[in-house]
Amino acid sequence: MTKVVDRSPLNFYERTYLPALMEGFKITARHFARSVQGKNTATDLGDGYYPEVPWRVAEGYRGAPYLVSDQDGATKCVSCQLCEFICPPKAIKITPPGPEGQGADRPNAEKMPREFEINMLRCIFCGLCQEVCPEEAIFLQQHYSLTGLNREEMIYNKEKLLKLGGVHPGIQKWKHKLEEARDQESFPVKVD
Amino acid sequence: MSNAVTTAPAPTAPPPVEKIRIKVDGRDIDVPKLMPDWQGKLVPTTMLQACQMAAQEVPHYCYHPRLPIAGNCRMCLVEFGTPVMDPATKKPVLNEDGSTKIARSVLPYEPQTPRGAIACATPISPGMELYPSSPATKQMREAVLESLLINHPLDCTICDQAGECKLQEYSVQHGQAQSRFVEPKVHKPKAVDLGPRIVLDDERCILCTRCVRFTRDIAGDDALGIVNRGSYNTIATAPGKQFDNNYSLNTVDICPVGALTSKDFRFKMRVWFLKETKSLCTSCGTGCNITIGSRENVLHRFEPRDNDAVNGSWMCDSGRLNYPWIGRADRLQQVQVRGQASDWGTALGEITTHLRNASDGSVAIIASARQTTEELYLLRQLAVRVGALTDSVEREGEADRLLVHSDRNPNSQGARLTGIAYTEIGISIPSIADGIRSGKIKTLIVFGEDVTKCGIDAGLLGKVGTLIVSDILPNATTAVAHYLLPGCAHAEKRGTFINAKGRVQKFLKAVEPKGDARPEWEFLAELTKSLGAVDGFSTIEGLFNRMASEVPALAGVEWSKLGDHGVNVPV
Amino acid sequence: MLENIFSDPTFQFVLFSAAKIAVVFGVVMTFVAYAVLVERKVSAAIQDRVGPNRTAPPLALKIPVLGRLLQRWGMFQPMADGLKFILKEDFTPAYVRTVYFWLAPAIAVIPAFLTLAVIPFGSTLGSQKMVIADLNVGILYTFGIVSLGVYGIVLAGWSSNSKYPFLGGIRSSAQMISYEIAMGMSVVSLFLIVGDLNLMNLIQWQADHGWLVLYQPVAFVIFLVSAFAETNRLPFDMPESESELIGGYHTEYSSMKFALFFLGEYANMIASSAMMVTLFFGGWSLPWLGKPAETLLGGLVHIGIFIAKMIVLMLVFIWVRWMLPRFRYDQLMDLGWRRFIPAALANIVATALGVALLNR
Ligand code: SF4
Ligand code: SF4
Ligand code: SF4
Ligand code: SF4
Ligand code: FES
């Protein structure tokens, strides 16, 4: 539906800025008066002031992106580096396992990142990494108060990200593929 | 380009090419009747080639221009039609409007259904019409892709091919968004060790047999084949055999999917991050064209780059894997003067003063045939200026029947043409050694060689008054150098090499040098300029053009004419 | 001997001037600090927030009731702010023109203080006139000095060698120059009526005849709006407009150098308010308190009146900032050149005619 906004030229009175001034004053004065009586956003929400009472974020809030583990506690990320590629401010830096690197900590997934770093100073919480991740391994969670005493502290490594991210149950496709393969006894070449 | 540049026989009038007129998507086009096949023999032009000439790319998996045709993947199916012939007159039947009547090919038992032909193996005939963008062709492609994906694991997230995978690309361009296949997939062996350098994932293989044909027909090592039947078809090595010939990694390049992957590159970096730089392989005199894949100043892989005049589409494994030394931690990174850390200004200043005062014949230069032609040229100018004896070091190996050359220096011809060395490389090294022994030669300049390994042993080196060394990695010569100038690997600079057959080829810079290291030509240029030997250029292009104008063999060559594939000069 | 020196008028003049300067400077600095606090509190109230209410030095909370109250009101916040400014890293970017970069904050802040020299902030206290410099050409001096303020900003913008400050500097010079004209012309009519450029006499005239704002409402409006433009306050804060120019001319500044710009802005605001009180609202006088004070107490009352008026005007400055959005640049220029300057001119002509007719 198109909404037509009235753009007719201002009349003389309006061009003196007086109505705008008056309107502005009315609004500000109203809020001011309210505040003087001790009412404000915090009292409206009814739960006090920020540092003592942390702000309750809405569902779907895009806070800090963290890596998650599956229900077996295994790292879900397979180091496909799509998030690193999509990340607009280049906040993500992944070190792939390389030929000698450690395999994934669950069977069949073959690989996982050797190191996974998100620079929270760079991250703009856009959520593209979560959107692009084919393994549902990274989620923007509800943390919004990220602090550190220096820049290095604000670069979260894999260990920290996994710890903060917690468990996020999923369909465990690698596990199912392995089970499916094991069921195919008729296959002439032995699996495993 | 002047005639001196090319060794190709003077162009005789080419034999008239017989052309056939066909239609591609309704457009008339004349295509040659015969075209060279993978061995260069003239064979009838195929539909796929005709479509390519009409700028209609036909998707294909098993077809590779440098391999024999197999026609097994069916990806290249294209709908076509042929002129209707009157059996009596043997003349084409005409429509009412006067155009030739075309019969679209259909299934014989089901005349409503169009029947495609595999474009890679079907020759064209006069008057033929090809429909590479018709709805029927599209449908055929969709169907082929659907069946290829039936048992495909969709491992893309952990597949090294992702990003340069033809299955991914064609699925996006020609495939369907959803699979109708709901049954469990056939699972095949994963991460199979085929040989020292190759890993095979059988689930991802689409059985195009490119790898089989390559190793049998190109590498001449019949190591691979298909075992089992039906949807259990798998690629495997012959029992007890390893897939380990020196060309095995080429199959990783030609495998259209991620079935064959390189152990060296495995899980190292996603390909879409790699910056591609055109360069050359430095491991032998063939000078294979390569593409360097690097990211953020780290080299990740070498891949062959097509060049008909040199290496076709291939390169050997030993050359391909000869890169990790460039990133070695013990690279020379610090300019040193008599063992003390110094800087370029000081070192070059002192060397200039020293060389200016050196008497004629008291200086000798040993320059590696792994330096670029420009650097060798500058060293030669330096030698002329100070009256120095020069030579290079020979590196011999065994040649093979495909690419590897017995000369393991990438630029022996450069050393010869610039006058650093005689036809027989290394012939003057004994006289240099004698000169040192007799005390006549007081200053030795060494570029990129460990001279203790070629006739000037450590004791003799100790007698040299001033030893000026530039190298990349530490060795016995750099250890005793009075002036140590850290140089660059070819991936860190620009320049040219002249291969054993006299092809001048250029390479570009992929990564930044480490520490103090600078391209040798840069500081050599400073040195020769301050000594008044050569001047008048500030870039590698200028230097090359100046060299070409002075070295007789390079007459007429210019940097801008080298292109990506180089030019031949008489050697 | 000593007595002689003290009775020497030159010495007395120097002594008392120095004392007045010290006091005025101290008062203004305090004003700046608390103006910032008031600004934050008022803006918080307007925006349904609470504003600074946490800062307190360690021992202050020990004071029963009052300590907590002062904390709630944010009375210690200015100290914390000041401390923060002093302790922050003073960073000079690599590519600035260093000398001018360092000079700019000083040039921005000094004129703001210099204008205060000619403002009569009271009648007399004892034998002393309550003005630092009782100049005959007071208002001309003010305009002369005020116009220097722009150099600090332009210099900051240019010497920062970066695009946002540069744009900020350019905007600022154009804006300041435009509005200075309107401002200068708006006060001409006042002097047509009073017939004197000395600000002390101007106030005395107002004490006798009533506030000039009643005679010259048009001039007042022009002056007020121009004052907003001159002090770079919203709705005319083009030079620093955070949303489009990051911070405008002071983007590259940090620590004390930034604080000086901040100080300059508020000092300018104080100076403008004081100027307006003097020119339009009868300075230290009230309609029924128009005689220069004879007693010490009377003098103090006059100073109090002056400060009270000034505070009211500063509240206007503060309130307007949270009331109006920023002007578009072309509208700003349009307002300055196409409306205020003609209006001010017309006002001069009308006043001149009026004065001529009445005096005939
Ligand atoms: S949320 Fe956006 S900015 Fe942050 S890491 Fe993910 S992709 Fe990058
Ligand atoms: S988090 Fe997801 S997108 Fe990023 S590398 Fe891991 S699997 Fe890939
Ligand atoms: S071969 Fe291609 S389609 Fe198959 S998993 Fe690898 S990248 Fe994906
Ligand atoms: S391994 Fe690759 S090249 Fe070989 S048949 Fe399979 S898909 Fe083709
Ligand atoms: S490319 Fe023609 S059948 Fe494979």
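User: What is the relative accessible area of A:E136?

Analyst: A:E136 is partly exposed, at 45%. Buried means under 20% relative accessible area, exposed over 50%, partly exposed in between (1.4 Å probe, protein chains only). This is a predicted model: local features need pLDDT of at least 70, side-chain atom pairs need 80 or more, totals for chains, interfaces and linings use all residues, and side-chain values use heavy atoms, without hydrogens and water. Residues are numbered from 1 along each chain as its sequence is written; chains are lettered from A and ligands numbered from 1 in the order in which they are written.

User: Where does A:E136 lie?

Analyst: In the loop between α5 (128-132) and β4 (138-140) of chain A. Helices (H or I, at least four residues) and strands (E, at least two) are DSSP runs, numbered from the N terminus. Phi of A:E136 is near 50°, positive in a residue other than glycine.

User: Which value does phi of B:L154 take?

Analyst: About 55°, although B:L154 is not a glycine. B:L154 sits in the loop between α2 (135-149) and α3 (166-174) of chain B. B:L154 is partly exposed, at 48%.

User: Now a helix. Which residues of α6 in chain C are buried?

Analyst: First the idea: an α-helix has 3.6 residues a turn, so residues three or four places apart point the same way. In α6 (138-146) of chain C, the buried ones are C:G138, C:I139, C:T142, C:F143 and C:I145. They fall within an arc of 165° down the axis of α6(C), so they line one face. That arc spans the directions from helix axis to C-beta atoms.
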